[in-house]
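Subject: Structure handover

Hi,

Here is the structure I promised. Please load it before reading on. My notes follow below.

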Amino acid sequence: MLKPILTALLALFFSGCLSRELPSIHHYELFVKESSNTCKSYRNYQWLGVEVAQKINGKNIAYKESPNKIEYFSKNQWIINLSDMLNTLIPQIAKNHCIALLQAPNIPKSLKISVFDLHFEDSQVFFNAQGITLKNNATYSLPIRTTINVKEGGFETIIEAMNKAIVNGLNDFFKSIQ
């Protein structure tokens, strides 16, 4: 007797939970256009990968609420973790500058990128990273900083500005190590 009543109550409870529509999440990814440059040869670097600060290394897209407060957009996310996207994107940008990033040992020059920040704040996108190269047993560290103004529009304009900030910053970095 108690079992049918309990089953009916549970069914009623769960039907209320399941009938609610979950908010849709929009997913975004970064990209780079392939350059029309033809390379006669490539400069090889051992690719040590990208390190991304924990606060932005995930699927969440960050914005600054106030000087000391980072928040994340609730309905918009990266399609995969930021570090995974950048590990794919950075070698493509390097290739556009006739630089091959190889995961092979015994290459005399190596390269690693550390990303400290990527966020939206007050109609601007900020990208802050550092490129670290090792040549002839000497370590060189170069800052990579880009600020892009965001045009008015939908959320896609923020993503376009983030993409542009990363690509522009890395293009400048790869030009500087030539």
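How many bridges join strand E2 to strand E5, and do the two run parallel or antiparallel? Four bridges join them, and the strands run parallel. Bear in mind throughout that this is a predicted model.

**Strands**

E2 covers residues 43-52 and E5 covers residues 99-102. Arg43 has Ile99 as its bridge partner in E5. E2 also pairs with strand E6, residues 110-121. That pairing is parallel too, and it has five bridges. Within it, Trp47 stands opposite Leu111 of E6.

**Salt bridges**

There are three in the structure.

- Glu51 and Lys112 meet through their side chains, at 3.3 Å from N to O. This pair links distant parts of the chain: Glu51 is in E2, Lys112 is in E6, and 61 residues separate them. Glu51 is partly exposed, with a relative accessible area of 45%. Lys112 also counts as partly exposed, at 24%.
- Lys55 and Asp117 form a salt bridge at 4.0 Å, N to O. Here too the link is between distant parts of the chain, 62 residues apart: Lys55 sits in the loop between E2 and E3, Asp117 in E6. Lys55 is partly exposed at 37% relative accessibility. Asp117 counts as buried because its relative accessibility is 12%, and the cut-off for buried is under 20%.
- Lys69 and Glu71 meet at 3.5 Å, N to O. Lys69 is partly exposed, with a relative accessible area of 40%. Glu71 is partly exposed as well, at 26%.

As background, side chains of opposite charge can pair when their charged atoms come close.

**Nonpolar core**

The largest nonpolar core has 45 residues. Which residues have the most contacts inside it? They are Trp78, Leu86, Ile113 and Phe174. Helix H3, residues 155-176, supplies the largest share of this core, with 11 residues.

Ile113 is worth a look. Leaving out residues up to four places away in sequence, Ile113 touches Trp47, Gly49, Val50 and Glu51, among others. Its list also includes Ile90, Ala129, Gln130, Gly131 and Ile144. Leu170 and Phe173 are on the list as well.

In general terms, nonpolar side chains tend to be buried together in soluble globular proteins.

Ala62 lies in strand E3, residues 60-66. Is Ala62 buried or exposed? Ala62 is buried, because its relative accessible area is 2% and buried means under 20%. Not counting residues up to four places away in sequence, Ala62 touches Ile56, Ile70, Glu71, Tyr72 and Phe73, among others. Leu118, His119, Phe120 and Met162 are also among its contacts.

Ala62 lines the largest cavity too. How many cavities of 30 Å³ or more does the structure hold? It holds one. The largest cavity has a volume of about 30 Å³. Which residues line it? The lining is Ile56, Asn60, Ile61, Ala62, Trp78, Leu82 and Leu118. E3 gives the largest share of that lining, three residues.

Best wishes

How values were computed: Residues are numbered from 1 along each chain as its sequence is written. This is a predicted model: local features need pLDDT of at least 70, side-chain atom pairs count only at pLDDT 80 or more; totals for chains, interfaces and linings use all residues. Side-chain values use heavy atoms; hydrogens and water are left out. Two strands pair if DSSP finds at least two bridges between them. Buried means under 20% relative accessible area, exposed over 50%, partly exposed in between (1.4 Å probe, protein chains only). Contact means heavy atoms within 4.5 Å. A nonpolar core is a set of buried Ala, Val, Leu, Ile, Met, Phe, Trp, Tyr and Cys residues joined through side-chain atoms within 4.5 Å. On a 1 Å grid over the protein atoms alone, a cavity is a set of points where a 1.4 Å probe fits but cannot get out, and a pocket is an open set with protein on both sides within 12 Å along at least five of seven lines; lining residues have an atom within 4 Å of a point. Grid points are joined across faces, edges and corners, and a volume is the space filled by probe spheres set on the points.
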